[in-house]
Amino acid sequence: MSKNYYITTPIYYPSGKPHMGHAYSSIVADIFARFKRLENYNVLFLTGTDEHGQKIEKEAKKNNKDPKIFCDELSETFRSLTRTLNLSNDDFIRTTEHRHHKSVIEIWNKLADSGDIYLDKYSGWYSVSDEAFYDEDEIEDKNGKKISKSSGSLVEWVEEESYFFKLSAWSDKLLEFYKKNPNFILPESRKNEVVRFVEKGLKDLSISRTSFTWGIPVPKNEKHVIYVWLDALTNYISALNFPNIEDKKYKAFWPANVHIIGKDILRFHAVFWPAFLLAAKLPLPKRVFGHGWILSDDKKMSKSLGNILDPIEIIDKFGIDQLRYYLVKEVSLGNDGSISLENLKNCINNDLANNYGNLCQRVFSFIKKNCDNKIPYSTKLNNSDKALLENLKNSLPKLQNLMDNQDLNEYIKTVVGFSFEANKYFNDSEPWTVKKKDPERMNTILFTVVVQIKNISILLNPIIPKATNKVLAMINISNENIKIDNIKNEKILNHKKELGELEILFNKIENDN
Ligand code: MSP
């Protein structure tokens, strides 16, 4: 049976510089994608840019650019971010591509054919920055201006002819679906939020606009452009060559295993998207995971507060593995989390430099000096050696389960715990004192600790791929052998070949840095 796994990030508005929130969504999804590959899944990991709509059109105008040219430039910035973040995405979709255009038209036609679309007039509040319609009770006054209560962004009054999607007709079906699929929306708190929203009853949704032109025209009525969210959400199937549902990619990867998104766009993914799919008679994704918000020093990052942590600057200064590790260790996935430069430095020093980095450095320089630079082999493991290794191996089902449920924090805590334990084991076993009088014991200790380093490195690989690839290459484990299955495979270690050179994995950060 083929094991396929499809995971997506939100596609980003290319309206400005990428920030830490973008980096976070992408890194989290990348970690799950990489983990699934280690489990031998055939993974499709998608990201891209969401280029239509009023927000982008306005931004392009502000910059005196044609919207397509504006998007070409900024989409490239996001594509280059995927490389800077060391993302392993298999595809990068742009909503201005032909493959997406034809997929959106097909979705529209399906909704029209099923009788779910009608023409009327929209009058109500709209936020260009959120590209969202708000009800009267979802907005408030602030300094004489109307803003959205949830996002704080400005709203404006809109009155125009519009096509509507009969969202109201799908409330019961959606509630039934949430009930039958209790893990469709995670974490639980977000699910409850969505269920409460749908239980109040859904209103029909305006799905076309006439006051601007930057979008995909509505079939047979080209003065309308398709609402950017109906357009954008469809990207998840455009990348699978929809409307060709016989296509290999579509067959292998739809329904998606998980859409990773931020909590601000939960309603679009957990209410609108499933309703569109139900109406189009297409299968629904298996899960929508809404992560929390990244705060800087406990406050929302904003230009005016001057507390924006720029991912590119941080990576230049400290390194990509360091940022990846810090973000997912520090922020509890699902909740809002605060990050700061101070904590980042402490985390690099404590968890990476002093723990995993130091363990590798000490063990491999000892082997270089005392064992002809080759990993000793031993079958004389005593109970405590065995216990160290077994403990990790026995926890594999739990670790795999944690990753399947997006419980990244518990996963990291457990794996980092193994690394602390291995450091302690190495210290307490003192191979340097038994070296002369019991070289066999020394070999056993080194064998045990290297097996453990190999296993910890495999488990940390999705999170800090650069550093762990270096360590695993140094012990002569090739990339294709970095697999969860090889955690139980001791034969994978080569005891005849010399170890490669190990450079410093993580520099300690001094205070003035
Ligand atoms: N274009 C839409 C998504 C369409 S998906 C079919 C969009 N784009 S965005 O660029 O504004 O945001 C992309 C992602 O970044 C969202 O998941 C959003 O939640 C996330 N973040 C933006 N700022 C954030 C933080 N400060 N913290 C964490 N993530 C936040 O929305």
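Start with the two domain centres: taken over C-alpha atoms, the centres of domain 1 and domain 2 are 42 Å apart. This is a predicted model, where local features need pLDDT of at least 70, side-chain atom pairs count only at pLDDT 80 or more, and totals for chains, interfaces and linings use all residues. Residues are numbered from 1 along each chain as its sequence is written, and side-chain values use heavy atoms, with hydrogens and water left out.

Select 4–292 for domain 1 and 341–492 for domain 2. These bounds come from an automatic or database domain assignment.

Next, show the contacts (heavy atoms within 4.5 Å). Here 16 residues of domain 1 touch 17 residues of domain 2. The two domains bury about 1600 Å² between them, 62% of it on carbon and sulfur atoms. Buried area is the accessible area (1.4 Å probe) that two parts lose on being put together, summed over both.

Now pick F32, F35 and L38 in domain 1. These three lose the most area to domain 2, together 41% of what that side buries.

Move to K36 and D404. Their side chains form a salt bridge, 2.7 Å from N to O. The term means a side-chain nitrogen of Lys or Arg within 4 Å of a carboxyl oxygen of Asp or Glu. Between domain 1 and domain 2 the count is one salt bridge.

Finish with the elements, which are DSSP runs: helices (H or I, at least four residues) and strands (E, at least two), numbered from the N terminus. Select α1 (20–38) and β14 (258–262), the elements that give two or more residues to the side of domain 1 touching domain 2. The largest share comes from α1, with seven residues.
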